[in-house]
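Okay, thanks for making time, everyone.

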Number of protein chains: 2
Amino acid sequence: MSGGRDIDALIEMMAKLPGLGPRSARRAVLQLVRKRELLLMPLADLMQQVAITTRECTRCGNLGEGPLCLICLDMKRNGSELCVVEDVADLWAMERSGTFKGRYHVLGGTLSALDAIGPEELRIPELVNRVAEEGTEEVILALNATVDGQTTAHYIAEQLEGSVRLTSLAQGVPIGGELDYLDDGTITAALRARKDI
Amino acid sequence: MSGGRDIDALIEMMAKLPGLGPRSARRAVLQLVRKRELLLMPLADLMQQVAITTRECTRCGNLGEGPLCLICLDMKRNGSELCVVEDVADLWAMERSGTFKGRYHVLGGTLSALDAIGPEELRIPELVNRVAEEGTEEVILALNATVDGQTTAHYIAEQLEGSVRLTSLAQGVPIGGELDYLDDGTITAALRARKDI
């Protein structure tokens, strides 16, 4: 490239973001430079701001701006239901559905022997403590339907068994899903869990 | 979302970048927050830096860090060949090919009656001046093969006719292109411009 040292460095760094490659990073940076006052400078300020203010909630692992996140601070949320998710993106996805009114616990990943990620790395001991201390009545294991996610769910279920009601998300045909495009596993799961109409 | 005010604002602004939607903006921001020292803070600094240092080259319209860009300053480039492109992204694309050793002139768009973009908005008068002052021998009109691009090329050709050699990029089958996937216009152009082997 030949836009100068800083702009080349900016493109290179933007290209590291998920969802952006070198080509879209170039387009994004050109757009930023074109809209310097409207986009580039406010974005730089916001990033600096987020770097300073944003932190992990000490209780649930969600992102927030104080020691506790907005969900943990919200007294209207039902403290007796605890939804366990892999990461913050999953928590946000749950929140967008707007159905769940309880609290969360973010693990920060899944168990993985290969990457040497054990229960200690995943805030699982914290989960066990919370269930004991907060009088939790139900733990919803909303982990991804992947091998790693399900292994982790099994492990957590073993740890908590007997002390609390354990549930997991239903598996089946997604809304709007066409059978022809679904994998065999999903169809099998949907058939096994079929319901009377 | 529920990650706090700053992070929500950052996601909203990132989603305005070309190539990023709300979903990929959320993923990018989570990645940024996770890699605060390595990604978020350096990126914020770089953006601030670019906002201060980057400016348009007063001669050709490319981006650079001084009054003249690196290409205009490079005395090894052939000043008698001038390549006219629509915007900086096109200039960078030409540079990546590494073939052209002359100088550039960035128009900043195409003529458009609908958007009220006339020659004055497009640095076309500057182009006419440069050709007269710099002793240009050849002007390569490397505008996009769109209706607007070709209209603009026609207009520029009219302005410069007689004073300089005018050329345009060859049209034909792209390298690696399969005939079955090419549009009729490209095949027609490639057939008309066929060459003896």
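So, B:Thr110: leaving out residues up to four places away in sequence, B:Thr110 touches B:Glu86, B:Ile117, B:Leu122, B:Asp148, B:Gly149 and B:Thr152. Keep in mind that this is a predicted model. Where does B:Thr110 sit in chain B? You'll find B:Thr110 in the loop that runs between strand 4 (102-106) and helix 6 (124-133) of chain B. And is B:Thr110 buried or exposed? Its relative accessible area is 13%, so B:Thr110 counts as buried, the cut-off being under 20%.

Okay, on to the interface. On chain A's side, the elements giving two or more residues are helix 1 (5-14), helix 2 (22-34), helix 3 (36-53), strand 2 (63-64), helix 4 (70-73) and helix 5 (88-97). Helix 3 of chain A gives the most, at 16 residues. By type, the chain A side that touches chain B splits into 32 nonpolar, 11 polar and 13 charged residues. In the contact overall, 56 residues come from chain A and 56 residues from chain B.

What about polar pairs? Across this interface, 12 residue pairs are in polar contact, both partners at pLDDT 80 or more. Salt bridges between chain A and chain B: zero.

Chain A is assigned domain 1 (5-53) and domain 2 (76-168). Taken over C-alpha atoms, the centres of those two domains of chain A are 34 Å apart.

Technical notes
Residues are numbered from 1 along each chain as its sequence is written. Chains are lettered from A and ligands numbered from 1 in the order in which they are written. This is a predicted model: local features need pLDDT of at least 70, side-chain atom pairs count only at pLDDT 80 or more; totals for chains, interfaces and linings use all residues. Side-chain values use heavy atoms; hydrogens and water are left out. Contact means heavy atoms within 4.5 Å. A salt bridge is a side-chain nitrogen of Lys or Arg within 4 Å of a carboxyl oxygen of Asp or Glu. A polar contact is a pair of N or O atoms within 3.5 Å; within protein, one must be able to donate a hydrogen and the other to accept it, and residues adjacent in sequence count only if both atoms are side-chain atoms. Helices (H or I, at least four residues) and strands (E, at least two) are DSSP runs, numbered from the N terminus. Ala, Val, Leu, Ile, Met, Phe, Trp, Tyr, Cys and Pro count as nonpolar, Asp, Glu, Lys and Arg as charged, and the others, Gly among them, as polar. Domain bounds come from an automatic or database domain assignment. Buried means under 20% relative accessible area, exposed over 50%, partly exposed in between (1.4 Å probe, protein chains only).
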